[in-house]
Amino acid sequence: RKSSVRGSLDAGVLERDLSSAMGEALGCGGHVGEQHLASIEAQLATMWRTLPKTAEGNVERRSLRYLIHRHFSRTSALHIRGFEPSRPADASGWGSADILSQRVPAFVESVLQSKHKVELGFSLNDAAHVVATIEQLIYDFEGSVLERVYRQQHKPLTRSLSSQGVEQLLESYMVHWLLGDDEEGISMLLGNRSLIESSVPHWNQVVAFTKGLIRDLDYKRQHLPDAALAAATARPGHNALAARYSFEDVHGLVGGITKSFASFWESECVSMKSALVAMDAHSTGRVPLSKFYSSALNAEWRFGESESYLRDLGALDETSWLGKQVIIPNYIQAASNCIVSSQHYLVCCANDCEGLLEEIENKVGASTAEPSEILAIVGNMSSQTTLDDDFPPHLEDSLTRQLEQIAMAHGGRVALHGRLFAQWLHYVFPRECPFPHKTGVAAAVTPSEFGENYIASDEEMKKHASEVNASQISTTLGKEELQ
């Protein structure tokens, strides 16, 4: 089986450089495969080129955390606990005691906060090792959940299973994975499977999704044997026509679930966003709280978070003369809408701003740019919120002036990864790019972590729904006047 980093670690490792420490942690004194590290570095390269660097060409800890957060968000829509942008930069550690595992956080924290790294910063290779370590920790987590399912079904880990046996395992695994720490809910659903379909949204499609992964594995074994051997999903001498699956095979399947489930679930995110956009009459990327709750009262089950919970999530704008409004991209990205909430990570909706920012990063290729360069790039981009919404943004005079003012305060150039540029990008693409709150203002808090008041009461909804809202404002007002 693939090695685990859950074992104890020699304190001496903490004094070595991060690459050596991470490599040693990743299994039996060995190192991460050079090919895998090179692959990770290639994925990080575009963002890395545009991050501010130290004199040594490295990045500071805050930038490293930002890079890793965006990498997992971009590739798998995973939000890794401890690397959230909302976390204060001077907070001690990279997460709390329940993040990643019970032993490794102290190890990771000690290495990342070592005097050596604080002074010199982190290289691209360091960043790749951190990514590889997090991937391994996620792999360990998946394996521990899978082992639990094997035990519950009285299946030895050493026994190969049939297709039907794997299907049964994956159904139980999905219940565990989707419900997380809800032990009571897991026991209830697995004890009475007739409840699963009514309790888990689109359960039949979820089951079809897992069966599709099994079929994909079978196809690779039969038609792409060399690739299957390289991926360790087949073994020399294995009969590709014999549908038998080891624990390692099933472990690989659940790894695929983690990486691809957000793509499978994206239609739900698109549906939710479409409903919000339909209430955004003035294209400001905001929905009056009155409309938000009115829709919830009229059978839209998704929009029921309480005002206080929306505030904590950073999804509530209370600065407008129009009254309280829900910020569409912040709400879509909020922890309340993440389909999976584990102690390691959240599986959330894709960030629609990532593609836009990546295009800017690709074309600029540096950490800063002149306003004219950014305006030329952004002026030829389109948000494509819908098929009928494929047009370039309206860079009104005020938006142009704002960008120039940002540059004036920083020597005539705009920092691509500064909060001011992120704020400007939000106003250019208000339905795609989240509003960047100051660090510590918003929190990635799940409903269970927030508490029983995460849902608004009927009285709260009715109170807001009865108030005057933006739909009654003259449509002659421009977007600038409404922001």
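**Entry 1: cysteine pairing**

I began with the bonded cysteines: numbered in sequence order along the chain, they pair 1-4, 2-3, 5-6. I note here that I am working from a predicted model. My search of the whole structure turned up three disulfides. As a reminder to myself, a disulfide is a covalent bond between the sulfur atoms of two cysteines.

**Entry 2: Cys 269 and Cys 349**

I looked up the link between Cys 269 and Cys 349 and found the sulfurs 2.1 Å apart. The torsion about this S-S bond is -85 degrees, and the link of Cys 269 and Cys 349 is left-handed. Where do the two ends sit? I found Cys 269 in helix 12, while Cys 349 is in the loop between strand 6 and helix 16 (353–364). The pair links distant parts of the chain, 80 residues apart.

Are these two cysteines buried or exposed? I checked against the cut-off for buried, which is under 20% relative accessible area. Cys 269 has 4% relative accessibility, so I put it down as buried. Cys 349 comes out at 2%, so it is buried as well.

**Entry 3: Cys 338 and Cys 348**

Next I took the disulfide of Cys 338 with Cys 348, where S to S is 2.0 Å. This link is right-handed, with 90 degrees about the S-S bond. Cys 338 lies in the loop between helix 15 (328–333) and strand 5, and Cys 348 lies in the loop between strand 6 and helix 16, so the bond ties together parts that are ten residues apart in sequence. I also looked at accessibility here: both Cys 338 and Cys 348 are buried.

**Entry 4: Cys 353 and Cys 433**

The disulfide from Cys 353 to Cys 433 has its sulfurs 2.0 Å apart. Why do I call this one right-handed? The torsion about its S-S bond is about 80 degrees, so the disulfide of Cys 353 and Cys 433 is right-handed. I placed Cys 353 in helix 16 and Cys 433 in the loop between helix 19 (419–428) and helix 20 (447–450), so this pair ties together parts 80 residues apart in sequence. Cys 353 counts as buried at 9% relative accessibility, and Cys 433 counts as buried at 1%.

I found an open sheet of three strands, in the order 1-6-5 with antiparallel pairing. Which strands stand at the edges? They are strand 1 (78–80) and strand 5 (340–341); each has a single partner strand, so one side of each is left without a neighbour in the sheet.

Two bridges join strand 5 to strand 6 (residues 345–347), and the two run antiparallel. For Ser 341, I noted Leu 346 in strand 6 as the bridge partner.

**Entry 5: His 251**

Last, I went back to helix 12 (residues 247–278), which holds His 251. His 251 has a relative accessible area of 3%, so I logged it as buried. What does its side chain reach? I found the side chain of His 251 at 2.9 Å from the backbone oxygen of Tyr 139. A polar atom of the His 251 side chain also lies 3.3 Å from the backbone nitrogen of Gly 143.

Leaving out residues up to four places away in sequence, I listed what His 251 touches: Tyr 139, Glu 142, Gly 143 and Leu 146.

Note on methods:
Residues are numbered from 1 along each chain as its sequence is written. This is a predicted model: local features need pLDDT of at least 70, side-chain atom pairs count only at pLDDT 80 or more; totals for chains, interfaces and linings use all residues. Side-chain values use heavy atoms; hydrogens and water are left out. Helices (H or I, at least four residues) and strands (E, at least two) are DSSP runs, numbered from the N terminus. Buried means under 20% relative accessible area, exposed over 50%, partly exposed in between (1.4 Å probe, protein chains only). A polar contact is a pair of N or O atoms within 3.5 Å; within protein, one must be able to donate a hydrogen and the other to accept it, and residues adjacent in sequence count only if both atoms are side-chain atoms. Contact means heavy atoms within 4.5 Å. Two strands pair if DSSP finds at least two bridges between them. A disulfide is a pair of cysteine sulfur atoms within 2.5 Å.
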